[in-house]
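Welcome! Here is a short tour of a protein model, written for someone who is just starting to read structures. Please keep the picture open while you go through the points.

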Amino acid sequence: MTEQTRWPAGQQSAVVLTIDFNDIHGILTQTPAVAGRDKTLSVWRYGTLRGVDRLLALLAAKNVRASWCLPAIVAEENPEVFARIVAAGHEIACSGDRHQNFDTLTLTEQIASVTQGCASLQAASGQNVVGFRTPAGQWKPGLAEALAEQGIRWSSSWRGDDLPYFHPATRLVELPMHYELEDEPYFAFNLSPAVPPGQSRIASYQQTLQNMKLDFQGFHRFGLCYVLRLHPEIIGTAGRIGLLGELLDFMAGHQKVWMATAAEVADWWQTQPDNVSEHPAEIFQRQIQEQLA
């Protein structure tokens with residue numbers, strides 16, 4: 001594979017916009033003590049109340065389709081909001097049935113969560129759900145194979161690279177993430193309980209935008225896959241939504257940028273050869289096999 005043939009139709013780089021829509025369930029998994037504290041939960045409900053629609057309006061104006069990752073419970077509890085996301089033509093991806101810390105689940109329980117979540121989201125959206133993102137924690141060895149058997153074609157749960165790669169022994173495509181391409185490390189904030197511990201942010205809006213522009217320039221220069229991970233309650237505020245608009249305009253101002261959904265990139269990556277043996281995912285897989293032997 002060469003850089004000239006990496007992306008379709010002569011494109012130089014790929015950009016995938018992913019949105020984690022967890023409503024209050026992400027913070028309830030992270031900090032169960034906030035259950036029943038409506039003032040605190042309202043920080044995360046803001047995404048459902050305002051952020052989703054701001055994102056939908058901006059993406060429609062920029063003619064960009066995103067991949068929305070959510071646990072099925074969010075669609076069940078917010079059917080009208082979910083219907084607007086589907087009606088706008090975005091991809092729906094699964095983060096399980098309920099938002100759970102996968103560290104606490106067995107492999108069987110992880111598989112059940114994904115199976116039930118995908119079935120619920122497919123029924124609600126009318127889409128064939130082919131994408132998965134771990135809601136929290138680590139998945140168990142064997143889940144990648146189970147995802148592929150279920151018809152999941154892509155995951156965006158791991159890191160460790162800036163190009164898609166295959167999970168070993170499968171053709172499940174991983175679209176790797178980077179913390180600097182997420183809104184949460186810059187902006188997520190709650191006073192009590194402290195999110196983050198130590199209260200070390202909120203970051204400068206313009207400096208954050210500049211960071212993301214510089215990262216895009218690097219990804220585009222080297223022909224890579226720029227995966228943004230956003231949250232409606234964070235990027236969808238009245239002040240921050242403009243940052244995303246500026247970033248999308250900046251990327252659109254470059255030539256040969258493929259703005260695609262995660263499923264579109266994963267389908268294209270199926271045309272590429274398997275990982276090289278020195279890829280970190282292959283090395284990690286061999287280490288696991290040695291430990292199990």
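## A guided look at the model

Aspartate 20 has a relative accessibility of 5%, so it counts as buried. Keep in mind as you read that this is a predicted model.

**Aspartate 20 and its partner**

- You can find aspartate 20 in strand E1, which covers residues 13-20.
- The side chain of aspartate 20 makes a polar contact of 2.8 Å with the side chain of arginine 229.
- Arg229 turns up again in the largest pocket, as one of the residues that lie nearest its centre.

- Threonine 40 belongs to helix H2, residues 38-62.
- Because its relative accessibility is 4%, threonine 40 counts as buried.
- Threonine 40 and asparagine 190 are 150 residues apart along the chain, yet their C-alpha atoms are separated by 7.5 Å.
- Threonine 237 sits in the loop between H9 and H10.
- With 16% relative accessibility, threonine 237 counts as buried, because the cut-off is under 20%.
- From threonine 237, the side chain reaches the backbone nitrogen of arginine 240 at 3.2 Å.

**A glycine in a strand**

- Glycine 131 is part of strand E4, made of residues 131-132.
- At 0% relative accessibility, glycine 131 is counted as buried.
- Between the C-alpha atoms of glycine 131 and cysteine 69 there are 8.1 Å, although the two residues are 62 apart along the chain.

**Helix H10**

- How far apart are the end C-alpha atoms of helix H10? They are 17 Å apart, which agrees with the 16 Å that twelve residues should span at 1.5 Å a residue.
- H10 runs over residues 241-252, and its buried residues are Ile241, Leu243, Leu244, Gly245, Leu247, Leu248 and Met251.
- As a rule, an α-helix has 3.6 residues a turn, so residues three or four places apart point the same way.

**Two cysteines without a bond**

- A disulfide is a covalent bond between the sulfur atoms of two cysteines.
- How many disulfides does a search of the whole structure find? It finds zero.
- For cysteine 118, the closest cysteine sulfur is the one in cysteine 94.
- Cysteine 94 is buried, at 0% relative accessibility, and cysteine 118 is buried too, at 3%.

**The enclosed space**

- Rolling a probe the size of a water molecule over the atoms shows where empty space is left.
- The search of the whole structure finds one cavity of 30 Å³ or more.
- This largest cavity holds about 90 Å³ of space.
- Its lining is made of Asp183, Phe187, Thr208, Leu209, Met212, Leu230, Ile235, Leu243, Leu244 and Leu247.
- Helix H8 (205-221) and H10 are the elements that give two or more residues to that lining.
- Sorted by class, the lining of the largest cavity has eight nonpolar residues, one polar and one charged.

**The largest pocket**

- The largest pocket contains about 800 Å³ of space.
- Of its 35 lining residues, Gln30, Pro135, Ala136, Glu184 and Arg229 lie nearest the centre.
- Two or more lining residues come from each of helix H1 (25-30), helix H7 (184-187) and helix H9 (232-235).
- H1 supplies the largest share of this lining, four residues.
- In the lining of the largest pocket, 14 residues are nonpolar, twelve polar and nine charged.

**The second largest pocket**

- About 310 Å³ is the volume of the second largest pocket.
- It is lined by 17 residues, and the closest to its centre are Trp139, Pro141, Trp158, Phe284 and Ile288.
- Helix H6 (143-150) and helix H12 (280-292) each give two or more residues to this lining.
- Which element gives the most to the lining of the second largest pocket? It is H12, with six residues.
- The lining of the second largest pocket divides into ten nonpolar, five polar and two charged residues.

Definitions and conventions: Residues numbered from 1 in each chain as written. Predicted model: local features only at pLDDT ≥ 70, side-chain atom pairs only at ≥ 80, totals over all residues. Heavy atoms only, no water. Expected span 1.5 Å × (residues − 1). Buried < 20%, exposed > 50% of the residue type's maximum accessible area, 1.4 Å probe, protein only. 1 Å grid on protein atoms, 1.4 Å probe; cavity = no way out; pocket = protein on both sides within 12 Å on 5 of 7 lines; lining within 4 Å. Points joined across faces, edges and corners; volume = space filled by probe spheres on them. Nonpolar A, V, L, I, M, F, W, Y, C, P; charged D, E, K, R; others polar. Disulfide = S-S within 2.5 Å. Polar contact = N/O pair within 3.5 Å; in protein donor to acceptor, adjacent residues only side chain to side chain.
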